[in-house]
Amino acid sequence: MVETLSTQDAAAPRTNGRLLEVDSLKTHFPVKRGLLKRTVGFVRAVDEVSFHVSAGETLGLVGESGCGKTTVGRTVLRLIEATAGAVSFDGQNVFEARRDQMKHLRRRMQIIFQDPVGSLNPRMTVGRIIGEPIGVHGLARGAALNERVASLLERVGLSPDYAQRYPHEFSGGQRQRIGIARALALQPQFIVCDEPVSALDVSIQSQILNLLSDLKSALGLSYLFIAHNLAVVEHFCDRVAVMYLGRIVESATRDTLYEDPKHPYTRALLSAAPQHDPGRRRDRIVMPGEVPSPIRPPSGCAFHPRCDLTRRLADLAGATEVERVNVSGDRVAVMSRCTRERPTLETVGRNAEHACACWFQDEHVPPLTETRKAL
């Protein structure tokens, strides 16, 4: 019996509450040197990351290039093996799944890649690209397979006649639609969108985002939306998690995070984002220096060498480096603590499921005038 594409069946979530749960995920890559290729260190691409995605929800994962966003998405799908931690999908442990169990999970968890050119085999027709996963899982064959491919092409806004063409005959936006059709081929519940619009023109970006939004409503999909464009994330996501150097530093609902960001890194990112509304314009916060090496990350809070609040207090204390601050007083002790202890995520408020308990929140640090008196 051949399965057919059923919008009604896919639209009803099969689980209640959290569909995907990620707990203390670590992905470290060994650094090898010498003739014997001995391991001399590790690139801590993902370090103690925890989050969840509910059924029918879109979680945005944002941060600078190299912060580990893509590695998180691929590790969740087991395209990259994790170093430690756990990923649970619909109550099933993904990392402990056997080969046959993993094949079943592949049908329910898919990915849309960032590069619409490199993700498509140039030697295969569009029909073969979309139909390959259907054939591998034995869902359809022959005429039924061709009908299913045609249905998927129509669903993403392409003509069924395109099935006989090759990827090089299409524009970037059309190629990304083909990638989306391939991701939908197995009727998944959860899709990792790895910067799906970053390589496209602005006008095409809106079309692809609208398509993803329509598919989410029609098929009851859940997304992990990886991006660096904060304007796109604000438009598309329900919740947002901010990553820095392999760790999530803040996570909250979209409205809460954009209206009242707590972590200094989040504030700096938002200050650099273009604003279409002049009334929402923020003062630009310039982050000095470069992103630290993930091989030897800073002690304590990884962001403290670039933190504006840390440097302001260090300047008031007359110190040239944050680590050299040694002034008595509670306010400076807070700053010293940030260089030694790694902050943990805590629940803050009703709309912020997690927000980084940074030592430099407003409740910890008084206005600069009061700080000068304390020092």
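Predicted model: local features only at pLDDT ≥ 70, side-chain atom pairs only at ≥ 80, totals over all residues.
R78 sits in the loop that runs between α2 (69-76) and β4 (84-89). Its phi is near 65 degrees, which is a positive value in a residue other than glycine.

Residues are numbered from 1 along each chain as its sequence is written, and side-chain values use heavy atoms, with hydrogens and water left out.

The chain has 13 helices and 12 strands. Of its 375 residues, 47% are buried, where buried means under 20% relative accessible area, exposed means over 50%, and partly exposed is in between (1.4 Å probe, protein chains only). The chain exposes about 18700 Å², and carbon and sulfur atoms supply 47% of that area; the areas come from the Shrake-Rupley method with a 1.4 Å probe, and for residues only the protein chains shown count as cover. Take the contacts between residues at least 6 apart in sequence: 67% of them join residues at least 24 apart. Contact here means heavy atoms within 4.5 Å.

Q187 counts as buried because its relative accessible area is 18%. And just after α4 there's G138, with a positive phi of about 65 degrees.

Let's stay with α4 and look at what packs against it. Two packed helices are described by the angle between their axes and the distance between the axes. In this model the axes are lines fitted to C-alpha atoms, for helices over the stretch in contact, and angles run from 0 to 180 degrees between N-to-C directions. Helix α4 (residues 126-136) and helix α6 (residues 172-184) have axes that come within 8 Å and cross at roughly 25 degrees. That makes α4 roughly parallel to α6, since angles under 35 degrees count as roughly parallel, over 145 as roughly antiparallel, 65 to 115 as roughly perpendicular and the rest as oblique. Where they meet, V126, I129, I130 and P133 come from α4, and I178, A181 and R182 from α6. Sort the residues of this contact by class and you get six nonpolar, no polar and one charged. For that sorting, Ala, Val, Leu, Ile, Met, Phe, Trp, Tyr, Cys and Pro count as nonpolar, Asp, Glu, Lys and Arg as charged, and the others, Gly among them, as polar.

Helix α5 (142-155) is also among what covers the buried residues of α4. The axes of α4 and α5 come within 10 Å and cross at roughly 110 degrees, which means α4 is roughly perpendicular to α5. Here V126, G127, I130, G131 and I134 of α4 touch L145, R148, V149, L152 and L153 of α5. By class, that contact has seven nonpolar, two polar and one charged residues. The buried residues of α4 include V126, I130 and I134.

Next, follow α6 to another partner. Helix α7 (residues 202-219) packs with α6 at an angle of about 20 degrees, the axes being 10 Å apart. These two are therefore roughly parallel to each other. On the α6 side the contact uses G173, Q176, R177, I180 and L184, and on the α7 side I204, Q207, I208, L211, L212, L215 and L219. Those residues divide into eight nonpolar, three polar and one charged.

Two more spots are worth a look. I226 is in strand β8 (residues 222-226), and it counts as buried because its relative accessibility is 0%. I226 and K69 are 157 residues apart in sequence, yet 6.4 Å apart in space, C-alpha to C-alpha. Leaving aside neighbours within four places in sequence, the contacts of I226 include K69, T70, V192 and C193. Finally, there's helix α10 (residues 264-272): eight of its nine residues are buried, so the helix is largely enclosed by the rest of the structure. Among those buried residues are P264, Y265, R267 and L270.

Key: Helix = DSSP H or I, 4+ residues; strand = E, 2+ residues; numbered from the N terminus.
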